[in-house]
Amino acid sequence: MESLVNSGRWGVAMIHGISQGYDAFLNPEILWEHFSKVKALENKIWVGTFREVAAYTKEREKIRLNVLEKENGYNITPHLDMNAQLFTEPLTMVLKSVGNRVSEIRQDGKKLFLKKDADKILFDFNPYGGMIQIRFI
């Protein structure tokens, strides 16, 4: 898990049995200790079911973004031609090299929560929603 977090890569846990079954743990406490470590890193990782991860990955591959640069930011319109009943995951957008210049981001008039890092901003958006308005300070 630590190497995945450090490298920013994906990983899948295939658990077929906790104390019995194919490839079961020697002791069930090993799994609970792992869950505690995952919980402690929840601000750095995303944990989802196989269905959620598969849907997110497919949406990310298929999304098209129409980007219009404005004087004080961007207007981005997402287009996703998939079954919205099956593919229901919000997507995360990463804006690199904008630092603290972003004042707010809205989609369909609703303010989106921003996570600011040193050189990028991350936010979740609805891939089936309307225009995303990004405003700079």
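Predicted model: local features only at pLDDT ≥ 70, side-chain atom pairs only at ≥ 80, totals over all residues.
How many bridges join β3 to β7? There are 6 bridges between β3 and strand β7, which covers residues 120-125, and the two run antiparallel. To find this pairing in the structure, look for Met93, whose bridge partner in β7 is Phe123.

## A five-stranded sheet

The protein also has an open sheet of 5 strands, in the order β1-β2-β8-β4-β5, with antiparallel pairing. Strands β1 and β5 (110-111) stand at its edges with a single partner strand each, so one side of each is left without a neighbour in the sheet.

Strand β1 spans residues 64-70 and strand β2 spans residues 73-79; they pair in the antiparallel sense over 7 bridges. The two form a hairpin, with 2 residues between them. Within this pairing, Glu69 stands opposite Tyr74 in β2.

On to the next pairing: β2 and strand β8 (residues 132-136) are antiparallel too, and 4 bridges link them. Here Asn75 has Gln133 in β8 as its bridge partner.

## The order along the chain

Now for the chain as a whole. What pattern does the protein follow when read along the sequence? The answer is α-α-α-β-β-β-β-β-β-β-β, made up of 3 helices and 8 strands.

Contacts tell a related story. Taking those between residues at least 6 apart in sequence, 59% join residues that are at least 24 apart.

## Overall shape

How does the protein compare with a compact globule of 137 residues? Such a globule would have a radius of gyration near 14 Å, whereas the protein has 19 Å. Along the principal axes, the C-alpha atoms fill a box of roughly 60 × 35 × 25 Å.

Of the 137 residues in the protein, 26% are buried. The exposed surface comes to about 10000 Å², and carbon and sulfur atoms supply 52% of that area.

Notes. Residues numbered from 1 in each chain as written. Heavy atoms only, no water. Pairing = 2+ DSSP bridges. Rg over C-alpha atoms; globule rule 2.2 N^0.38 Å. Buried < 20%, exposed > 50% of the residue type's maximum accessible area, 1.4 Å probe, protein only. Contact = heavy atoms within 4.5 Å. Areas by Shrake-Rupley, 256 points an atom, 1.4 Å probe, with all protein chains shown as cover.
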